[in-house]
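Q: Please walk me through the labels attached to this model. I would like to see how each one is reached from a value and a cut-off.

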Amino acid sequence: MQINKEGIDLIKKFEGCRLKAYKCPAGIWTIGYGNTFYEDGMKVKEGDTITQERAESLAAFVITQFAVTLAPFIKQSLTDNQFSACVSLSYNIGQGSFKKSSVFKKLNVNPNDPTIADSFRLWNKGGGQVLAGLVKRREAEIALYFKK
């Protein structure tokens, strides 16, 4: 299992790219394609700036790290599309939340369970409010997950 180009493109599309550090809706300093830390583990802080080239390399590194650390916890064989959709969800909600999610629990029983789509849709809120961007992202992840 590995993240594919469609999964990487999905993450980058929904994260967007900002070259100057900003606070995300959760109040965490973020830069590039939704990155909260650098390759060396240092956290993004106020005033940080990066180039577009640096944003691309940082995203590649962090997305790969998410994929590598997630893979050992998946007990079923997933398609690259299924795995990529899961990496995208995990990248957005955090690996701790992903491992507690019904998406994770269901895919480890039966990765073709159609109710996994409903489980993705549960992750559509920020600050207790349904966010249109998260609704769109979850639908894109579902489409990728179930793509043949």
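A: Gladly! A crossing is left-handed if the near helix is turned anticlockwise from the far one by less than a right angle, and right-handed if clockwise. By that rule, the crossing of α1 and α3 is right-handed, while the crossing of α3 and α7 is left-handed. This is a predicted model, in which local features need pLDDT of at least 70 and side-chain atom pairs count only at pLDDT 80 or more, although totals for chains, interfaces and linings use all residues. Residues are numbered from 1 along each chain as its sequence is written, and side-chain values use heavy atoms, with hydrogens and water left out.

Q: Why are α1 and α3 called roughly parallel?
A: Their axes cross at roughly 25° and come within 8 Å. Angles run from 0 to 180 degrees between N-to-C directions, with axes fitted to C-alpha atoms over the stretch in contact. Under 35 degrees counts as roughly parallel, over 145 as roughly antiparallel, 65 to 115 as roughly perpendicular and the rest as oblique. At roughly 25°, α1 and α3 are therefore roughly parallel to each other. As for the names, helices (H or I, at least four residues) and strands (E, at least two) are DSSP runs numbered from the N terminus.

Q: Which residues make the contact of α1 with α3?
A: Glu6, Gly7, Leu10, Ile11 and Glu15 of α1 meet Asn81, Ser84, Val87, Ser88, Tyr91 and Asn92 of α3, where contact means heavy atoms within 4.5 Å. By class, this contact has four nonpolar, five polar and two charged residues. Here Ala, Val, Leu, Ile, Met, Phe, Trp, Tyr, Cys and Pro count as nonpolar, Asp, Glu, Lys and Arg as charged, and the others, Gly among them, as polar.

Q: What makes α1 roughly antiparallel to α7?
A: The axes of α1 (residues 5–15) and α7 (residues 132–145) cross at roughly 175° and come within 11 Å. That angle makes α1 roughly antiparallel to α7. From α1, the contact takes in Glu6, Gly7, Leu10, Ile11, Phe14 and Glu15, which meet Gly133, Lys136, Arg137, Ala140, Glu141 and Leu144 of α7. These residues divide into five nonpolar, two polar and five charged.

Q: And why is α3 called roughly antiparallel to α7?
A: α3 and α7 pack at an angle of about 155°, their axes being 7 Å apart. This places α3 roughly antiparallel to α7. Among the residues that make the contact are Cys86 and Leu89 of α3, along with Leu134 and Tyr145 of α7. The residues of the contact divide into eight nonpolar, five polar and three charged.

Q: How do you know that Glu141 and Arg138 form a salt bridge?
A: Their side chains meet with N to O at 2.6 Å. Glu141 and Arg138 are about one helical turn apart, because three residues separate them in α7. Are these two buried or exposed?
A: Buried means under 20% relative accessible area, exposed over 50%, and partly exposed in between (1.4 Å probe, protein chains only). Glu141, at 0%, counts as buried, and so does Arg138, at 1%. Salt bridges with shared partners join Glu15, Arg137, Arg138 and Glu141 into one network.

Q: What does the salt bridge between Arg54 and Glu39 tie together?
A: This pair, at 2.9 Å from N to O, is among the 10 salt bridges of the structure. Arg54 is in helix α2 (residues 52–70) and Glu39 in the loop between β2 (29–32) and α2, so the pair ties together parts that are 15 residues apart in sequence. Arg54, at 28%, is partly exposed, as is Glu39, at 32%.

Q: Why is Asn108 called buried?
A: The relative accessibility of Asn108 is 16%, so this residue counts as buried. Asn108 is in the loop between α5 (102–107) and α6 (116–121). Leaving out residues up to four places away in sequence, Asn108 touches Phe73, Ile74, Lys75 and Gln76.

Q: What makes Gly126 partly exposed?
A: Gly126, in strand β3 (residues 125–126), has a relative accessible area of 25% and is therefore partly exposed.

Notes. A salt bridge is a side-chain nitrogen of Lys or Arg within 4 Å of a carboxyl oxygen of Asp or Glu.
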